[in-house]
Amino acid sequence: MPSILADDIDILAKAKRALAGDYVPSENEDYMSEPQLDYFRRLLQAWKRAILDSSADTLQHLQEGPIREPDLNDRASSETDWGIELRTRDRQRKLIAKIDSAVRRIEEGEYGFCEVTGEPIGLGRLIARPIATMTVEAQQAHERREKVSRDD
């Protein structure tokens with residue numbers, strides 16, 4: 001069974017393939033130019049559509065009825081699989097909220113800039129993680145602070 005993170009990456013890769021055309025943002029153009037913003041807007045929307053389509057498949061399977069495995073071990077295995085699937089869908093629901101937030105930031109002219117430092121996040125990071133809100137350095141500092149507060 002693929003991991004949850006791998007599932008998200010696969011869905012993002014599918015969204016990237018769904019974008020027609022050969023445009024990919026480049027360091028040779030102005031940062032967050034109109035073509036770049038349009039690319040990320042379309043990518044985010046395609047990613048959201050792919051997640052929703054995947055969720056619809058899960059809902060369809062759930063509506064097919066309860067698990068009726070005669071063997072207790074098979075039933076337990078099926079229930080575990082469903083639990084993992086439902087947790088994955090919950091995680092993707094939260095991801096959709098982040099995608100919607102990123103689209104809103106594009107509309108407000110804030111996309112691509114770190115919410116902590118105001119510095120450009122960078123095209124490479126945004127292509128890999130279009131919902132990123134912080135530079136790598138700011139994210140690392142945030143995670144260090146989070147770890148320290150958890151250790152207290």
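Mentor: Happy to; here is a walk through the salt bridges, pair by pair. Keep in mind that this is a predicted model.

Take Arg41 to begin with: its salt bridge with Asp38 has the closest N and O atoms 3.6 Å apart. Both residues sit in helix α2, which covers residues 34-63, and they are 3 residues apart, about one turn of the helix. Arg42 also pairs with Asp38, and here the closest N and O atoms are 3.3 Å apart. That pair lies in helix α2 as well, with a spacing of 4 residues, again about one turn of the helix.

How open are these side chains? Asp38 has 33% relative accessibility, so it counts as partly exposed.

Now move along to Lys48, whose side chain meets that of Asp100 in a salt bridge with an N to O distance of 2.8 Å. Asp100 belongs to helix α3 (residues 72-107) while Lys48 belongs to helix α2, so this pair ties together parts that are 52 residues apart in sequence. Asp100 counts as partly exposed at 36% relative accessibility, and Lys48 counts as partly exposed at 26%.

Terms used: Residues numbered from 1 in each chain as written. Predicted model: local features only at pLDDT ≥ 70, side-chain atom pairs only at ≥ 80, totals over all residues. Heavy atoms only, no water. Salt bridge = Lys/Arg side-chain N within 4 Å of Asp/Glu carboxyl O. Helix = DSSP H or I, 4+ residues; strand = E, 2+ residues; numbered from the N terminus. Buried < 20%, exposed > 50% of the residue type's maximum accessible area, 1.4 Å probe, protein only.
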